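Here is a short briefing to read alongside the model. Please keep the sequence and the 3D view open as you go.

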Amino acid sequence: MRLNASVFYGLYRPSECDLRPYLRARGVEEGKPSPYDEVIIELGRWHEERVLGEIGPLVDLRAGTEDERIKRTIQAVQDGVPVLYQPFFRADAQIGGQPVTLVGEPDFLVKDAASYRIRDAKIARRITEKDHPEILLQLGLYGWLYEQTFKTKPQRLEVIAGTGTLEEIPLSFVENALKQVGRIVQLLRSDAEPFSPVGWTKCGTCGFNGRCWTTAVESKNVATVPGVDQNLTRALRDNGINRIDDLLREFDESGLANFQKPRGNKTQKVGKAAEKILRFARALASGKEEVLQTPALPLSDNYVMFDLEGLPPQLDELDKIYLWGLQVFGAKPSEYLGKIADIGPNGDRAGWDGFLDAAKSVFETYGDTPFIHWTHYERTKVAAYVERYGDKDGIADRLNRNLVDLFPITQSSVALPIPSYSLKVVEKYIGYKRSQTEYGGEWAMAAFIKATETSDENMRKELLERVLTYNREDLAATWAVFEWLRTKKVN
């Protein structure tokens, strides 16, 4: 068996999954990278090229066969070359009773006083075990390979993050990497596919989504029921419950509420979530929606649809909102009032101030009208920006008093025959259609990142306009769901 140090990416990205490395090792066809994945790969190349240009004279070890590169790597280290680019390591080991060949290609070896530092360039901005365990494990395996080759430990393991800062990786990740290699070896040597529960969020951007998630939906797998998490799926499977029909046959509300699922080293009851889970399961089994209660919607002549687009902390140290979207619908609709963050060091603050000005204008024109959003993201981010930049004229405080989250209202009012209450899924269910063939949160992030990186002003303008169109249609979709909910009544 042969494993590359990048094998950890298959295990952890875009989500932790035991099945993904197994499928890749067997050559199962995978979907093409998303626009987001492609732009991240491109940004990673740009980042490495920037680092390469700043690091000084070096020996480039990319050319040649593996054996030639290994020989040249060893010779360069013995000669004390200051910087090696793309060295190559290979070592054999017995792991889990299995002979394994491990290979790795760090970006750089940098000469220190006593030894060499192993250094990689990564576009990720938060190099932590929580955000990017695969990076720490990859560097740990490089450290092990270095030690096997030179019979001494590297001086340090380190990453030049997307922020430009140099982050040290503890040498303890050498041992952690070998443990995870052992886990992967056990997965790959199995004759049967490893079990890994599907999930809407977990599987959303995986290249095997069509194989795993789509199949699970078609077969009415119990994991596709909203509210059934990974731990509950495993516990139900251990009890022979794999399909939605099995769940409905075996449990009433009381029985499911008392069912135990794992939580860390302990177990816990399903509890109050049982009622919702069974409601959603019945809707999925029948293919028909069930109105549970009249939706508790606020009464107003006008409503502001409110939607934010943000960059995650893995890509931006600020956890930045790059687009503040809002528009009034109802008796007196407004034009689109979205504010996109400026490109540059003060762009984040300018985006926040522009949004507060737009919200202030809405309040001055419409009074305390409801701001309708989907999930808690908007409320959380407004609070974060108040802490970051303050609340000019108390607009954010007034906004908070008028926020209405449509997601829990929808979930508690109507059990829908769909596997997710994501806005994109609900809007499709009610018949809302968008004008763009490509859209979605990750697509919008990719387009915005490209816009910030390009020096082509026409391309930047086109990309930002497409992002604005996506956000405008998010707002229109939220309004469409709101109006649809107003037609739902308990008979």
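Helix H13 (residues 347–366) holds both arginine 349 and aspartate 353, four residues apart, or about one turn of the helix; helices here are DSSP runs of H or I with at least four residues, and strands are E runs of at least two, numbered from the N terminus. The model is predicted, so to speak of local features takes pLDDT of at least 70 and side-chain atom pairs count only at pLDDT 80 or more, while totals for chains, interfaces and linings use all residues. Residues are numbered from 1 along each chain as its sequence is written, and side-chain values use heavy atoms, leaving out hydrogens and water.

**Salt bridges**
- Arginine 349 and aspartate 353 form a salt bridge at 3.3 Å, N to O (a side-chain nitrogen of Lys or Arg within 4 Å of a carboxyl oxygen of Asp or Glu).
- Arginine 349 is partly exposed at 37% relative accessible area (buried is under 20%, exposed over 50%, partly exposed in between, with a 1.4 Å probe and protein chains only).
- Aspartate 353 is also partly exposed, at 21%.
- The whole structure has 36 salt bridges.

**Around aspartate 474**
- Aspartate 474, buried at 2%, meets lysine 424 in a salt bridge of 3.2 Å, N to O.
- Arginine 434 lies in the loop between H17 and helix H18 (441–453), 40 residues from aspartate 474.
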